[in-house]
Amino acid sequence: MNNRRFPSLRRWLRPGTLLAAMLVLGLLLQACAAPAPAPTGGESAAQPAAGEAAAPASAKSGGTLIYGRYADSLFLDPVLNDANLDIWVLNNLYDTLLQSTLDGQGIEPMLAESYSVSDDGLTFTVTLRPGTMFADGSPITPADVKWSLDRARNPENGIWSFTLESVASIETQGDNQVVLTLSRPDPSLPAALAMFNSAIMPQALFEAMPGETDEEKAKAFADKPVGSGPFVLTEWVRGEYMVIERNPYYWAKDADGVQLPYLDAVRFEIIPEDATRILKLQAGEINGAEFIPLSRVAELDADPNISMELFPSTKVNDILMNNRETLLDGSSNPLSDVRVRQALNHATDKQALIQVVTYGTGVPMGSYMSSTTPLFAQQDMYPYDVEKAKELLADAGYENGFEVTCLAIAGNADDAALLTALQQMWAEVGVTLTIEQVDAATRTDRYRNNDFQMRTAAWTNDINDPSQITTYFAIYDTVESLHTGFQSAELEDLFAQSQQELDQVKRGELYQRIQEIYVDAAPIVFLYETPYPVALRSNVKGFYQIPLGQNLFVGAYFEQ
């Protein structure tokens, strides 16, 4: 695996007193930074597929990889869960019909050998890979696939059924096919069939579980789940550790015909404190660790015993702005003027923020979606331009500036570093930023009630398609466009067209215009994308964290 290097922290783009002050602030915050759990991310499509990683001559089958996680999983049912703590490990236990490519840009077969779509886009036929089995040795049948997808698309089962809402009915056909009849053409269906909630489960085992309802059976099944993924859960002491062992019935082999996975087992050690995870990794007590603080990346990258990986993610960081003319308290809102929103974007030095907040590991946003999202189109964004910002504010009637308030999580070092820097930047154009620190629960409650003017925010995709992030960011009826209140009739019409457009080129053209409209309206302050920082012992190879966030151990091995 290629080591992904990052810009030197000494490479400042613009010297001066502001950046010097920000650097001091960043170093102070580094000293007192608390662990920051990530919310709800390798390189090119030419890399080996997730289930078919090439095995170098030095590959060593066997061994147990010990991986440090910041928190334990909660509920290992693919349909009813909603936490990344579960989602990002489920793919090691359950397979889906299709899977995301490692770069997050495409979809390829997994349990499905192939699939086809009718000319009218209303019939989706899946041909199953022959000879596949669940981890207990029982065969995967078309009936299991139909039952699993019917369960996943049931609106009463969890929050993810919307991904399969275009499916009107599912039928089996012969001993190796499943036919999905759609209510409309759905270009996002292949991506939906690669999502965790579309995992294929053994119907007979699930229905034999105790309980009257689906949820009761799911809770019993999830304590000792049986899927068809590369590993099977064998031991779980909640809050302490989890062990998954090689599935002896796994279907995949590498390019040389070697059975996957290579490892005998993966042991997840729950180590909440960042510093402790890192110390254990440096001492060789664990082989890998997730969510490395960005402030420690340079240090670990310089350690010859550590492979410091920055996996491309779908995580975007921004400031949500309330676009409504009047705030909940009845006061007028300058942010309702697009010129004001554009001005704040021009007044934001993204490169400086990347150095201070992400320690040089981030990249500026090029749209509202990440650059790893399919159909991303680089937009003409808002370069740092103080004079342009002042001009726009004057045109909007705010030549003397105004005051604005941003919600932040109390004690969050990243929020503090970001907003303190923005206070200084925006002061240059006459805007006074007040930071209102509240606990996480209060911020969430006020956000959902539209009781905010600004708030810090981050997003990661759950599906390998631009429809999800667009629905949330730009479609008012979903959640009032992330509660910003942004609305565009033209954008919503284009989105409706894109949801039925099967021609990828034409769909890309629709998304190009959707992104243009959104960026020009500037409902948010566009900041930066950040990677997934994972540190591994230098002899660990073949591990990937894909842009959607899932951790892939199927091709991991110890180099001799």
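1. A residue is called buried here when its relative accessible area is under 20%. The model under discussion is predicted. In helix α7, which spans residues 274-282, the buried residues are Asp-274, Arg-277, Ile-278 and Leu-281. Viewed down the axis of α7, these buried residues fall within an arc of 95°, so they line one face of the helix.

2. The surroundings of α7 deserve a look next. Its buried residues pack against strands β1 (64-69), β11 (288-289), β12 and β19 (532-537), and also against helix α8 (297-301). After α7 comes Gly-284, with a positive phi near 80°.

3. Confidence should be kept in mind throughout. The protein chain has a mean pLDDT of 90, and 89% of its residues reach 70 or more. Residues 1-55, by contrast, have a pLDDT below 50, although this stretch has 122 contacts in the model beyond near neighbours in sequence. Where pLDDT is low, the predicted coordinates should not be read in detail.

4. Strand β12, one of the elements against which the buried residues of α7 pack, covers residues 306-311 and contains Glu-309. Is Glu-309 buried or exposed? Its relative accessibility is 1%, and because the limit for a buried residue is under 20%, Glu-309 counts as buried. The side chain of Glu-309 makes a polar contact of 2.9 Å with the side chain of Ser-307. Glu-309 also stands 5.9 Å from Ala-535, C-alpha to C-alpha, although 226 residues separate the two in sequence.

5. An open sheet is formed by six strands in the order β14-β18-β13-β17-β15-β16, with mixed pairing. Which strands stand at its edges? They are β14 (363-364) and β16 (431-438); each has a single partner strand, so one side of each is left without a neighbour in the sheet.

6. Asp-465 is located in the loop between β17 and α14 (467-474). With a relative accessible area of 5%, Asp-465 is buried. Its side chain is joined to that of Ser-467 by a polar contact of 2.7 Å. Leaving aside residues up to four places away in sequence, Asp-465 touches Pro-187, Ser-188, Ala-191, Thr-373, Pro-374 and Arg-507.

7. Some backbone features call for a reader's attention. Most residues other than glycine have a negative phi, and most peptide bonds are trans. Asn-450, not a glycine, has a positive phi of about 60°. This residue is found in the loop between α13 (440-448) and β17 (454-459), and at 15% relative accessibility Asn-450 counts as buried. Ser-481 likewise is not a glycine and has a positive phi, of about 50°. Ser-481 lies in helix α15, residues 476-483, and is buried, with a relative accessible area of 0%.

8. The bond from Leu-260 to Pro-261 is cis, with omega near -5°. Where is Pro-261 placed? Pro-261 belongs to the loop between β9 (241-246) and β10 (265-270).

Notes: Residues numbered from 1 in each chain as written. Heavy atoms only, no water. Helix = DSSP H or I, 4+ residues; strand = E, 2+ residues; numbered from the N terminus. Buried < 20%, exposed > 50% of the residue type's maximum accessible area, 1.4 Å probe, protein only. Polar contact = N/O pair within 3.5 Å; in protein donor to acceptor, adjacent residues only side chain to side chain. Arc of directions from axis to C-beta. Contact = heavy atoms within 4.5 Å. pLDDT = per-residue confidence, 0-100. Pairing = 2+ DSSP bridges.
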